[in-house]
Number of protein chains: 2
Amino acid sequence: MEHLSVTAFLAMLVVMLAVAKIMGAIAQRIGQPAVLGELLGGVLVGPSMLGLVDTRFETIELLAELGVVILLFAIGLETDLAKLFKVGATSLTVAVVGVVLPFAMGYAACLALGLSSMPAIMAAATLTATSVGITARVLADLGQLSSLEGQIILGAAVLDDILGLIILTIVTELSEGREVSPGSVARTTGLAISFLIGALAVGWFVVPGIFRMARRLQLPGTPTALALIIALGLSWLADRSGSAMILGAFVAGILVARVPSSREIEHGITEIGHFLVPLFFVVVGASVDLTALDPRTAESRFALLAGGVLIVVGVAGKLAAGYAPFWFKGSKLVVGVGMTPRGEVGLIFAKMGLAAGVLSAGLFGGVTLMVMVTTLIAPPLLKRLLGPAPGEAHEPEVDGIDDLVTEA
Amino acid sequence: MEHLSVTAFLAMLVVMLAVAKIMGAIAQRIGQPAVLGELLGGVLVGPSMLGLVDTRFETIELLAELGVVILLFAIGLETDLAKLFKVGATSLTVAVVGVVLPFAMGYAACLALGLSSMPAIMAAATLTATSVGITARVLADLGQLSSLEGQIILGAAVLDDILGLIILTIVTELSEGREVSPGSVARTTGLAISFLIGALAVGWFVVPGIFRMARRLQLPGTPTALALIIALGLSWLADRSGSAMILGAFVAGILVARVPSSREIEHGITEIGHFLVPLFFVVVGASVDLTALDPRTAESRFALLAGGVLIVVGVAGKLAAGYAPFWFKGSKLVVGVGMTPRGEVGLIFAKMGLAAGVLSAGLFGGVTLMVMVTTLIAPPLLKRLLGPAPGEAHEPEVDGIDDLVTEA
């Protein structure tokens, strides 16, 4: 990739922020969550349409990563750990069924389409993903982050990230022509779970102390800077120790929410998020490659066919996962729909499969179509299921994550 | 430059933020402006000492540029244009004398050191620079941004940026072995001045209208996002049209300060600045190459000699510039000291000279030393001249740029 000049960098930032605001405004006008507009805005300015924003530039990619770290940290700040534990079994059921069922159904469907075993496994693997970023943002857009359904979806999406790491390990070994070793699967699982438990347990005692010390030392600077250091530090540690980066950011948010200055921190993070979070959604949109869906080639006709099948299987599998915890009294449909968007996680899986030569161009196009459709239908469906009646305006909480998320 | 992974990126951000906070705290403890600690923190974590932060990564460099854009935008938000105009003649005198005198004295001194004409011109050119970022930040650290001296220094530092563009044009032509063409000098001057006047004149009428329209359209999102779009957009336009990027950011701040929601915008920009502005100062510190000053080589002994001479000439020239407006009743010494730091502008000139082969390694070392010393002595000197008496704590304005700057 060539060098990104300051001039081009500034121009891309202006385009990304402007398209996020304008398309977000239009989405809200027609009664949709703003995040839908930001995603579509990204498709519009991305390489396959206007070509104004190129997500292959390292700096653009890293700023988007920073955006999702800030988003998950902000979500963590709003998350009540006790509440999350209370719905833990329900979330775990949704997560596990939401991985197993789409994978099994996807694998069978791909074999039925005449694909061989490896491409079928790879395509099925992309069906297991849930984009915790998009899911959480839609819930926050609708002011439902702390509802019972919201907490179940959030917990399941976080657990899905751990399951995703395990699947990634398996798929990587398979795509390299190796046997799946139970040892490496156990290792990945162990690392991810130990990070989650270890960071929570250690941070529970250490983080309040850090803030107390900073206050006593009269360190110049707001608690926000310290909170950012903890968020970025735990994201780094998670990534470094073989867990998922955004798990670290989420845990950091849960830990920092307990310190006395958490309201002030929330306010500061919201302002920073206003700038960085929309960049993430625009970049996810811009990463979609529409050229893989050009209907003039035979490959693309297969892409459309495969995409259609994967969409049906992908939506059905996650919806069924919502109904899996049969004891749950709330809306199982809401939970199922909330688990549907594959977002950037699905795109990462698909690109890995393409790079490894396991996915053909046609099948990659189909997977892309499935990621795009599942990502874009979830916001309007959830809005319809959860949102206020038409004409009734949604009143975002002042200073809260709802504000970050609705107005950004 | 190799690829910067997300892991390494997160680690560098944590290091940069942490060192900025800790060193900033130490600087304040010993009665110095926080920015001094941030600069020294940068030297500490940079390639020539701990090697934790590498400023050659494109993303790190671009984030620092974003930091200085945000800083100059924030400074512009606090700037009273009428006040700036009132001291215009004084600022212009300081700026012009502060370019001509250090250049002439530096050129003569370099010839006396036995250097030939081209290296002497290049080294003298670095003496003309004034770092508006560092100057403005120190003034804000001390709560003196809106004092009479502060406004004169700020105006002169901005004008110095225009003069710097002209010098850059001349030096580039000379270093390429061409004759200096009066046409290209006139063109550079014309472009820089027309951008300044044009952007102010057009923006004066257009910017309030944009904010009114955005309010009427009920665009979701805070005025802060719109303000950021204008700041980044004008920075881009300035850079694109051959003027200086930070001039665009500064003009954007002056324009946005006039809209009704400017207090809210100032607050949002302050929070974003808390994150991005320290990155700029750490990167400036980390860009200093201490290896050019290793005293074991003959080249480095020359570097120390040349550096010593350039420091004397560089400080004397800018101090004299402060005394040039003989009619000015305030502290001429404060103005002179305020113009002293060369900062990142001096480093950019020096690196250009090194890359063009005009500056030898020894002379580059000397210039680096001059940049470092003039940058690091200005904050403590200004603090001594302007700061509160020992024991008396400086009370930063809440929500203002002082807050951004003192606490960041």
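This is a predicted model: local features need pLDDT of at least 70, side-chain atom pairs count only at pLDDT 80 or more; totals for chains, interfaces and linings use all residues.
Analyst: Chain A superposes on chain B by a rotation of 180 degrees with 0.0 Å of shift along its axis, RMSD 0.0 Å. The two copies are thus related as by a two-fold rotation axis. Residues are numbered from 1 along each chain as its sequence is written, and chains are lettered from A and ligands numbered from 1 in the order in which they are written.

User: How many residues of chain A are in contact with chain B?
Analyst: 44 residues of chain A contact 44 residues of chain B, a contact being two C-beta atoms, placed from the backbone, within 7 Å.

User: Which helix gives the largest share of that side of chain A?
Analyst: α1(A), with 13 residues. Helices here are DSSP runs of H or I, at least four residues, numbered from the N terminus.

User: And the surface on the other copy?
Analyst: 100% of the interface residues of chain A are also interface residues in chain B, so the copies meet through the same surface.

User: New topic: is α7 of chain A mostly covered or uncovered?
Analyst: Mostly covered: 10 of its 10 residues, 132-141, are buried, meaning 20 or more other C-beta atoms, placed from the backbone, lie within 10 Å of a residue's own. Among them are Arg137(A) and Asp141(A).

User: What follows α7(A)?
Analyst: Gly143(A), with a positive phi near 65 degrees.

Definitions and conventions:
Copies are superposed by least squares on the C-alpha atoms of residues with pLDDT of at least 70 in both. A residue is buried if 20 or more other C-beta atoms lie within 10 Å of its own, exposed if 12 or fewer, and partly exposed in between; C-beta atoms are placed from the backbone. Helices (H or I, at least four residues) and strands (E, at least two) are DSSP runs, numbered from the N terminus.
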